[in-house]
Each structure stands twice: as structure tokens, then as C-alpha cells.
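Biologist: I am new to this structure. Please take me through how to read a few of its features.

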Amino acid sequence: MAAVPEPDEPAKRKPFKLLGILDVENIPCARDSVLYGSLGSVVAGFGHFLLTSRIRRSCDVGVGGFILVTLGCWFHCRYNYAKQKIQQRITRQGMKNKLLYEGTHLDPERKQNNRNSSN
């Protein structure tokens with residue numbers, strides 16, 4: 001019988017690695033890319049088989065479909081992930097500057113308000 005972990009203990013699981021190198025759980029975009037790639041390979045291979053009835057060529061098309069769809073999804077997802085990280089960093093810096101200078105003589109909004117009230 002397997003030992004049941006206690007509720008207050010964190011569960012220690014062995015990470016799932018695809019082909020022994022790609023840690024699918026911890027790498028952003030890896031899981032989705034592999035899943036979409038496998039679906040793309042089935043669709044491409046089965047579609048080619050229905051059109052031509054060539055088994056070997058259909059398997060080749062399926063492997064090619066897996067590679068193309070996986071790489072396409074990977075690059076698209078990583079591009080969006082990098083863009084989102086940059087936007088988060090810019091927003092975080094802006095919030096830090098806003099909170100850091102708020103209420104002091106260095107506050108940009110306070111300077112604008114003082115200029116408007118003196119006019």
C-alpha cells in the first residue's frame with residue numbers, strides 16, 4: 001500500500017521530463033507546445049493517409065507535422081511570454097517609482113499640481 005502524505009506536508013513529486021531533458025511542468029510553453037504538436041501530428045498523418053493511403057509516407061508527414069506545429073507553437077508562445085515579462089517589468093518599475101516618491105518633494109504629480117496652482 002502506498003503511504004498517504006500528511007495534509008501539512010508539501011507533496012514531493014518527481015518532475016516529468018520528456019525524453020529525459022525537457023522538464024514539461026516547469027518550462028513555460030513546453031506543455032502546450034508538445035500537446036499541440038502531438039495533435040498536429042495526428043491530424044497531418046491521418047489526413048495524409050486518408051488522401052493517399054500510403055502508410056509510410058503518412059507516418060513521415062505525421063512526424064513532420066509534429067515538428068512544425070511544436071516549433072511554431074513554441075516560438076509563438078515564447079515571444080508572447082517574453083513580451084509579457086517586459087510589460088510586467090516596466091509596470092513594476094513604474095509602480096515602484098510611484099510608491100517610492102509619492103508624498104515627497106520628488107513626486108512628479110506634486111510638481112505638476114504646484115505648477116498648475118501657481119499659474
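Biologist: Which way is the disulfide of Cys29 and Cys77 handed, and why?

Modeller: A disulfide is a covalent bond between the sulfur atoms of two cysteines. It is assigned here when two cysteine sulfur atoms lie within 2.5 Å. The disulfide of Cys29 and Cys77 is left-handed, because the torsion about its S-S bond is about -75°. The sulfur atoms of Cys29 and Cys77 are 2.0 Å apart. Bear in mind that this is a predicted model: local features need pLDDT of at least 70, side-chain atom pairs count only at pLDDT 80 or more, and totals for chains, interfaces and linings use all residues. Residues are numbered from 1 along each chain as its sequence is written, and side-chain values use heavy atoms, with hydrogens and water left out.

Biologist: Where in the chain do Cys29 and Cys77 sit?

Modeller: Helices (H or I, at least four residues) and strands (E, at least two) are DSSP runs, numbered from the N terminus. Cys29 is in the loop between strand E2 (22-23) and H1, whereas Cys77 belongs to helix H2 (residues 55-101).

Biologist: Is Cys29 buried or exposed?

Modeller: Buried means under 20% relative accessible area, exposed over 50%, and partly exposed in between (1.4 Å probe, protein chains only). Cys29 is buried because its relative accessibility is 11%. Cys77, at 23%, is partly exposed.

Biologist: What does the side chain of Ser33 reach?

Modeller: A polar contact is a pair of N or O atoms within 3.5 Å; within protein, one must be able to donate a hydrogen and the other to accept it, and residues adjacent in sequence count only if both atoms are side-chain atoms. The Ser33 side chain reaches the backbone oxygen of Cys29 at 2.7 Å. Ser33 lies in helix H1 (residues 30-52) and is buried, with a relative accessible area of 2%. For contact, heavy atoms must be within 4.5 Å. Leaving aside neighbours within four places in sequence, Ser33 is in contact with Thr70, Cys73 and Trp74.

Biologist: Is Phe46 buried or exposed?

Modeller: Phe46, in helix H1, counts as exposed because its relative accessibility is 52%.
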